[in-house]
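This briefing goes with the model shown below.

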Amino acid sequence: MVQSTIVNVTERATDWNSIKWKHANRVVTRLRQRIFKATRDGDLKKIRSLQKLLMRSYSNIVLSVRRVTQLNSGKKTAGVDKLLVLTPGARGTLVDILTRCPPWKPLPVKRVYIRKSNGKQRPLGIPCVIDRCLQAIVKNALEPYWEAQFERTSYGFRPGRGVHDAIERIHSMSKANSTKSWVVDADIEGCFDNIAHSPLLKTIGNFPAKKLIQQWLKAGYVDKGVFNDTETGVPQGGIISPLLANIALHGMESALGIRYDKHGHTIGNRGIVRYADDLVVFCKTQEDAACVVETLSHWMKSKGLALSKAKTNIVHLSEGFNFLSFNIRWYKDKNTKIGRKVLIKPSKEALQDVRNKIKQVWLENKSSNVNYLISKLNPIIRGVANYYRTVVSSHIFHKLDTWMYVRENRYAKRVHPKKSSGWRKHKYWGRLNFDRNDNWVFGEPVAVDGFPGISKLVNPEGDKRTGQYLLKFSWFNIRRHTLVKGDASYDNPDLVKYWESRTKRKSQNLIPSYQKLARKQGYKCCVCGESLFNDEPIQKHHKVPQSRGGKDTYANLELMHYYCHRQVHSVAPGCEDEVFVQDLQELNPVPGSVRIG
């Protein structure tokens with residue numbers, strides 16, 4: 001029997017291009033904040049009531065479908081049912097199905113493998129689209145409850161926190177005057193694959209969708225057409241899996257006896273920083289570091305986990321250690337009173353991986369035109385530079401630029417083997433970026449007198465036709481990251497202004513014209529009302545279309561998320577990729593299914 005009770009919506013077919021995203025975001029945000037506050041107040045009855053309300057909320061359903069079918073990088077990857085949802089009409093139909101809350105039994109995940117940097121393969125479990133949407137719905141109800149309890153030194157897969165917060169925390173704990181000079185650099189062996197189900201479900205407690213979570217954990221996986229049971233672990237690739245892993249690892253600070261004073265400063269002989277299943281523990285002595293390893297091993301055993309013997313090491317800060325592709329180490333410095341200082345740099349192994357990745361692009365496109373090559377390389381350069389620009393990377397960026405010039409020169413020689421070096425220099429290098437006083441910017445042909453076949457017209461933004469040029473690592477200035485405050489959570493209603501001020505800083509990564517537009521509209525998308533910097537692509541929109549005489553001026557421009565922009569222009573059916581591979585009629589209730597809410 002189909003459940004007909006729905007929240008904040010009338011019975012109707014959903015028109016995806018007419019959804020009011022600003023209202024949907026406001027409803028979900030408010031409910032998450034109420035769950036967070038009720039958790040801090042200890043009102044369990046109110047918590048469960050709000051969680052049920054959020055899981056039945058129409059706003060939560062449409063946002064979950066949007067996340068799964070538009071924002072996630074795996075939106076074009078099908079599960080075992082070979083079902084994809086890639087058009088506005090299909091998304092609207094999926095919303096209607098989820099709104100009516102049909103009984104559903106989770107399907108097994110599809111096992112795929114991705115190559116790791118060490119040459120081994122990491123197994124991923126890809127759920128079907130329906131399960132992914134349900135997981136997103138459940139996650140929105142479960143996450144704020146745990147955000148109110150998570151430890152302040154946990155930075156992985158949490159809203160408003162990330163790698164750079166973990167690195168800044170490590171920097172503050174490893175300063176030259178720190179007495180905690182011994183480090184346990186630990187790694188949990190096969191964390192996602194070995195988490196015990198019973199302790200995890202016991203920790204989750206009396207959550208309304210607990211039975212559904214249990215069925216996801218026990219759904220099994222299909223590998224090369226063969227079904228396999230899952231007795232332990234959470235599938236890497238599921239929407240809710242990172243949250244479940246954080247819940248399983250919660251309590252590590254208490255196990256190590258780490259406490260804080262009223263100002264949030266660490267009390268005692270130990271300190272910890274954890275990013276998902278990677279963690280480091282700072283200790284005052286080598287003996288205490290060895291005790292930490294024993295304590296963690298005993299604590300993790302009850303979770304079905306174990307430390308990796310090969311990757312868990314005890315090191316002194318003078319030797320240094322790698323964490324999240326960064327190297328943290330004490331260096332001698334005669335200019336300081338203590339005679340040393342801590343420097344955080346990109347690790348050598350990570351830099352070699354960067355070179356290998358860029359080299360592969362050069363080799364795969366050695367016969368491609370310059371514009372296509374630049375379109376492949378620039379996103380990599382921008383991503384690497386933004387990742388490492390918060391630490392001591394200036395010298396390394398210049399070395400990478402020198403290495404890139406060698407690759408550029410090889411490309412030019414291969415394409416024009418019979419031309420002189422002067423001809424190649426004038427054809428491919430010049431001051432293509434007028435914001436930089438640099439005559440060695442690589443790009444499309446530049447106008448040069450005396451060289452036949454090359455036009456004289458040059459675009460101030462680079463190539464005379466497209467404006468494309470290859471970025472340089474050294475153009476990205478070093479900018480320190482500000483550590484997130486204590487146990488601050490995105491769901492805390494008392495910290496709305498704090499999080500708004502933090503997201504504004506991300507505008508510094510935009511080009512100057514976009515920074516001005518973002519500032520003018522309060523750093524929020526004009527359509528959905530969310531922050532422009534929520535990891536969605538950003539586009540500029542003309543209020544008065546250019547086809548109707550609209551000008552390319554600040555008064556006529558505004559910034560929007562990519563998919564919000566598409567909605568404004570009401571993309572016609574057929575303009576996006578194709579829809580369903582499986583008929584919706586196959587989504588009938590099955591025996592043993594569970595109804596959420």
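**Sheet**

Four strands make up an open sheet of mixed pairing, in the order S2-S1-S4-S5. Helices (H or I, at least four residues) and strands (E, at least two) are DSSP runs, numbered from the N terminus, and two strands pair if DSSP finds at least two bridges between them. This is a predicted model, in which local features need pLDDT of at least 70 and side-chain atom pairs count only at pLDDT 80 or more, while totals for chains, interfaces and linings use all residues. Residues are numbered from 1 along each chain as its sequence is written, and side-chain values use heavy atoms, with hydrogens and water left out.

- The edges are strand S2 (121-126) and strand S5 (226-228); each has a single partner strand, so one side of each lacks a neighbour in the sheet.
- On average, neighbouring strands of this sheet are turned by 40° against each other, direction ignored; axes are lines fitted to C-alpha atoms, for helices over the stretch in contact, and angles run from 0 to 180 degrees between N-to-C directions.
- Strand S1 (residues 109-115) pairs with strand S4 (residues 221-223) in the parallel sense, over two bridges.
- Opposite Val 109 stands Tyr 221 in S4.
- Strands of a sheet pair through backbone hydrogen bonds, either parallel or antiparallel.

**Helix H10**

- Nine of the nine residues of helix H10 (residues 241-249) are buried; buried means under 20% relative accessible area, exposed over 50%, and partly exposed in between (1.4 Å probe, protein chains only).
- The buried residues of H10 include Leu 243, Leu 244, Asn 246 and Ile 247.

**Cysteines**

- With a disulfide taken as a pair of cysteine sulfur atoms within 2.5 Å, the count comes to zero.
- Cys 128 is in no disulfide, and the nearest cysteine sulfur, that of Cys 133, is 8.9 Å away.
- Cys 128 is buried, at a relative accessible area of 0%.
- For Cys 526, the closest cysteine sulfur is in Cys 525 at 6.2 Å, too far for a bond.
- Cys 526 is partly exposed, at 30% relative accessibility.

- Most residues other than glycine have a negative phi.
- Phe 157 has a positive phi, near 55°, and lies in the loop between helix H5 (129-147) and helix H6 (163-173).
- Phe 157 is partly exposed, at 44% relative accessibility.
- Tyr 523 has a positive phi, near 60°, and lies in the loop between helix H18 (512-520) and strand S16 (538-542).
- Tyr 523 is buried, at 14% relative accessibility.
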